[in-house]
Amino acid sequence: MVLPACGVEEPTGGLDEVFDVREAELVSAVSRGCVFELTSVVRAGTLPPIHDIFLSRLASGTCAWPAASIGLGTSINSTPSLSLVANDLGVAAGFTVKNGYSGSSPRTVGIKHVDPELLTVVRNTGFAVYLGTGSVFLGYLAIGADGTTLTAGGTKAGIISPTETGSGSNFIATFPDFFTSTTPPSVVAY
């Protein structure tokens, strides 16, 4: 197991304590023979709790690179929902977070393209309701059959894009060539 190094103190109680602070939700995906895991961990000594989100590459006989981790974001007083998909072009990590300490702070969605070899963020995007007047919740990420189109779906309370079409509290966002361009998504509400 790789312990995060991004400002999170290593527990002193051994592996049992490591598992105690690890959130129940863990998602994994494979890119270029490497297994990647997206997890959230409660930062020690924080009240309200701050959840740090980490993407870890696991060491294995099929992975050309060593185990490593990168911090992707934080969520304040709200356990982040996590979604992870990957192919040979890259890893796409998505999560819903709360960025403020107020109980009424809106939830936002972050989506990051991470290079599987360098473990660096290549693209940083996401969704928030205009002027923070509502929340967005990520339900899933999916890679299309073409291997390059990323689809994100979920729920929302408000308009999340000035070019959004349709109406309703659900949305589907389609990113063409997600891993090879910065083309913005088309967002359809229903």
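Trainee: Hi! Which strand is A173 found in?

Mentor: A173 is found in strand 12. Keep in mind as we go that this is a predicted model.

Trainee: How far apart are A173 and L141?

Mentor: In sequence they are 32 residues apart, while the C-alpha to C-alpha distance is 9.6 Å.

Trainee: Back to strand 12, then. How does it run relative to strand 13, and how many bridges join them?

Mentor: Strand 12 (residues 170-175) and strand 13 (residues 186-189) run antiparallel, and four bridges join them. Across that pair, F171 stands opposite A189 in strand 13.

Trainee: Nice. What's the strand order in the sheet?

Mentor: The order is 9-10-12-13-11, in an open sheet of five strands with mixed pairing. Strand 9 (136-143) and strand 11 (165-166) stand at the edges with a single partner strand each, so one side of each has no neighbour in the sheet.

Trainee: Switching topic: which residues form the nonpolar patch on the surface?

Mentor: Y140, I172 and Y190 form that patch, and together they have about 290 Å² of accessible area. Y140 is found in strand 9, one of the edge strands.

Trainee: What's the relative accessible area of Y140?

Mentor: The value for Y140 is 35%, so that residue counts as partly exposed.

Note on methods:
Residues numbered from 1 in each chain as written. Predicted model: local features only at pLDDT ≥ 70, side-chain atom pairs only at ≥ 80, totals over all residues. Heavy atoms only, no water. Pairing = 2+ DSSP bridges. Helix = DSSP H or I, 4+ residues; strand = E, 2+ residues; numbered from the N terminus. Patch = residues over 30% accessible without salt bridge, like charges linked within 9 Å, V, L, I, M, F, W, Y side chains within 5 Å. Areas by Shrake-Rupley, 256 points an atom, 1.4 Å probe, with all protein chains shown as cover. Salt bridge = Lys/Arg side-chain N within 4 Å of Asp/Glu carboxyl O. Buried < 20%, exposed > 50% of the residue type's maximum accessible area, 1.4 Å probe, protein only.
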